[in-house]
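Hi,

Here is the structure I promised to pass on. Have a look at it first, and then read on for what turned up.

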Amino acid sequence: MLTSYRGTTAAVGATVNDRGVNFCVYAPKATQVCLSLFDKSGHSEVNKLKMFRHEGGYWSLFIEGLENQSLYGFRADGPYDPEKGLLFNKNKLLLDPYGNDFFGEFTWSERHFCHLPVGKLSLSDNAIDMPKSRVTQVEKYQGKRPNIPWSKTVIYECHVKGATIRHPNIAAAHRGKFLGIAAAEFIEHLKQLGITAIELLPVHAFITEQFLTTKGLQNYWGYNTLSFFTPHKEYLVNDDIREFPTMVKALHDANIEVIIDVVFNHTAEGGIDGPTLSLKGLDNLGYYRTLANKQNVYINDTGCGNTLNISNPASLKLVLDSLRYWVEYMGVDGFRFDLATILARESTGFNASHTFLQALAQDPVLSKVKLIAEPWDIGPGGYQVGQFPSPWREWNDKFRDTVRRFWRGDFGVLPELAMRIHGSSDLFEHNYRGPLNSINFITSHDGFTLYDWTAYKQKHNEANGEGNRDGHSENFSMNCGVEGFSSDPEVMDKRLTMQKNALLTLILSKGVPMICSGSEMAHSQNGNNNAYCQDNCTNWLAWKNHQQHHALNFFIQDLLAIRKQFSAFSHAFYVHDSDSRYAVNWFDEHGETLSPQQWQEPTRQWLSYTISDQQLGQSLLLIFNASNQDLQMSLPPSAFSKHWHLAISTVTHQLTKKLSEHIQVPAKTAWIFTSIQEDNKHG
């Protein structure tokens with residue numbers, strides 16, 4: 001017989017001590033909350049105990065002698081009126097919002113729904129179809145963190161499963177798992193490339209939406225969170241959540257940081273017609289944003305059915321506590337916030353001084369980690385690129401689109417291209433931030449792969465089952481003469497060159513570069529630019545032995561070596577005319593300073609410029625020719641050596657290493673030259 005009594009609200013969730021387990025949950029409008037205990041199979045509910053109410057809307061219960069790994073859930077009773085947004089229902093087993101582990105699988109069933117009038121379905125118990133929260137005690141992370149500064153950060157965005165599921169040299173049981181990411185073979189690949197941080201697509205436990213399961217598809221990306229504290233179970237080998245910090249430690253030991261993509265803008269509970277799984281049944285009107293005059297209608301600024309209400313103190317606490325847990329216990333080094341505008345939304349819109357942003361800035365733990373915003377959502381005024389405060393970094397889609405348009409051959413792009421490759425001062429300088437606040441990328445998980453950007457003018461998303469209506473229609477892409485796969489050597493060569501052009505522009509621009517996994521091996525999604533539901537070879541990287549020796553793999557390595565050598569890319573501030581150390585100079589094809597009139601010529605599709613560090617005696621000359629014509633170029637004087645030296649280009653044939661004053665730059669190619677003071681060449 002278990003002994004239970006009033007517990008404490010000192011910590012929300014299940015807390016283990018030497019006497020038993022304390023349970024605490026927030027449900028301010030509930031009339032009664034019960035703790036349901038289950039047997040080890042999770043099939044039988046062996047006890048249902050009433051919890052004690054505390055001030056502030058919390059409920060607690062301490063159970064003496066209860067063991068670690070015990071299975072449980074909550075049931076909240078109270079007013080049930082879907083029209084008023086009240087969804088209390090004691091027949092619905094609810095996951096602990098603070099639970100760091102659970103047992104069993106989620107199964108779609110009508111028993112989860114609470115939006116229907118009181119009747120058979122609303123009164124049905126859903127426990128049989130719900131995973132059970134599991135009491136799991138974990139220790140704080142003890143590994144040594146790399147603490148790599150932003151000035152040296154190179155991000156590799158990848159999916160836990162897709163990165164290694166087809167890797168032939170990783171143990172079969174570990175492929176597609178956290179332990180697959182921890183494998184020496186995968187880590188060595190990252191090290192050889194020059195990666196310093198891995199950014200993982202969502203690792204919080206998630207479920208597949210019902211509209212996908214009915215079509216035989218799965219949510220692959222993971223932006224449909226079920227639990228903010230639990231690692232996704234499919235990525236575990238032995239259903240042991242400690243495998244996640246094991247992965248983190250292996251990466252840390254290789255001096256690679258771990259950033260995780262987090263989804264705090266919505267949950268898997270969807271809109272009013274979605275399932276009641278956790279937050280809905282505890283405090284629906286508190287955790288979610290609804291219309292003030294129609295509380296059964298969820299504000300849907302996410303496009304996913306609901307929007308988390310971060311302005312609510314309990315929601316804010318939940319998010320902050322989750323973030324701290326993943327830093328202190330799971331060992332992560334930073335976060336990329338999906339649809340981050342949501343997190344700073346108030347009833348009047350985005351607020352750069354939102355409590356959430358202030359809380360992060362002052363938090364002794366979270367203020368020290370890397371914070372990256374996806375600075376947009378689909379709500380009113382949702383596009384907020386450049387508006388987040390220091391020390392936030394932001395995904396810069398303007399960089400992506402501008403570079404794509406330039407290399408595609410669009411006219412009138414030159415002035416904006418210059419702005420983007422030098423850190424987008426128009427976006428970040430106004431609130432005292434610098435070029436390193438821009439996360440530059442050409443491709444990410446969302447959209448075309450780098451290869452597909454060169455192989456498809458149109459999206460081809462038919463496999464998603466939406467009649468090719470989903471996904472962006474404008475991708476600023478090209479097909480190099482053939483839509484889709486081609487074995488024509490000329491087409492293949494053009495595509496390879498264009499991929500190199502994009503990578504060179506990305507890596508040798510001011511800002512923090514992010515490389516999407518698969519770019520180094522020309523991975524294709526067959527033209528699908530919204531492959532969120534393709535848990536198959538569309539997304540899984542093809543790790544053939546020759547792929548690890550792909551030309552793009554070595555090309556990225558060489559580019560990152562150049563980036564590391566030249567100090568201008570680690571400089572945290574924008575270069576202005578008054579700068580005594582750094583200089584940026586722009587040239588025309590005659591080696592003369594580019595005039596204001598030339599900047600505005602809409603048909604000018606080439607750019608030549610130098611970035612110099614007077615103190616270290618080093619200079620880079622970059623030449624981009626996006627036109628369809630070869631370009632006769634006169635080089636500007638070499639600043640620190642007798643001649644310019646060719647460092648790298650995107651063509652298959654090479655010029656001599658030492659160059660004369662005049663060269664021919666082939667169409668659709670990029671060239672990098674160096675001038676280094678003799679005594680600094682090995683510095």
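Which residues point one way from S17, and which the other way? Glu 257, Ile 259 and Asp 261 go to one side, while Val 258, Ile 260 and Val 262 go to the other, and all are buried. Buried here means under 20% relative accessible area, with exposed being over 50% and partly exposed in between (1.4 Å probe, protein chains only).

Before the rest, some housekeeping. This is a predicted model, where local features need pLDDT of at least 70 and side-chain atom pairs count only at pLDDT 80 or more, while totals for chains, interfaces and linings use all residues. Residues are numbered from 1 along each chain as its sequence is written, and side-chain values use heavy atoms, leaving out hydrogens and water.

Back to the strand. S17 covers residues 257-262, and six of its six residues are buried. Strands (E, at least two residues) and helices (H or I, at least four) are DSSP runs, numbered from the N terminus. Strand S14 (residues 197-200) runs parallel to S17, joined to it by four bridges; two strands pair if DSSP finds at least two bridges between them.

Next, the nonpolar cores. A core is a set of buried Ala, Val, Leu, Ile, Met, Phe, Trp, Tyr and Cys residues joined through side-chain atoms within 4.5 Å. The largest has 126 residues, and those with the most contacts inside it are Phe 186, Ile 198, Phe 244, Phe 335, Phe 337, Phe 356 and Phe 624. Helix H8 (residues 313-328) gives this core its largest share, nine residues. If you zoom in on Phe 356, its contacts (heavy atoms within 4.5 Å) include Leu 316, Val 319, Phe 337 and Trp 392, not counting residues up to four places away in sequence.

A cavity is a set of points on a 1 Å grid over the protein atoms alone where a 1.4 Å probe fits but cannot get out, and lining residues have an atom within 4 Å of a point. Grid points are joined across faces, edges and corners, and a volume is the space filled by probe spheres set on the points. The largest cavity has about 190 Å³ of space. It is lined by 17 residues, of which His 445, Cys 516, Ser 517, Gln 525 and Asn 539 are the closest to its centre. The second largest cavity has about 110 Å³, and strand S16 (residues 225-231) supplies the largest share of its lining, four residues.

Most residues other than glycine have a negative phi, and most peptide bonds are trans. The bond from Ser 390 to Pro 391, however, is cis, with omega near 10°; Pro 391 is in the loop between strand S23 (370-373) and strand S24 (393-395). Ser 424 has a positive phi, near 55°, and is buried, with a relative accessible area of 0%. Its loop lies between helix H11 (414-421) and helix H12 (425-428). Asn 468 has a positive phi too, near 65°.

Cheers

Terms used: 1 Å grid on protein atoms, 1.4 Å probe; cavity = no way out; pocket = protein on both sides within 12 Å on 5 of 7 lines; lining within 4 Å.
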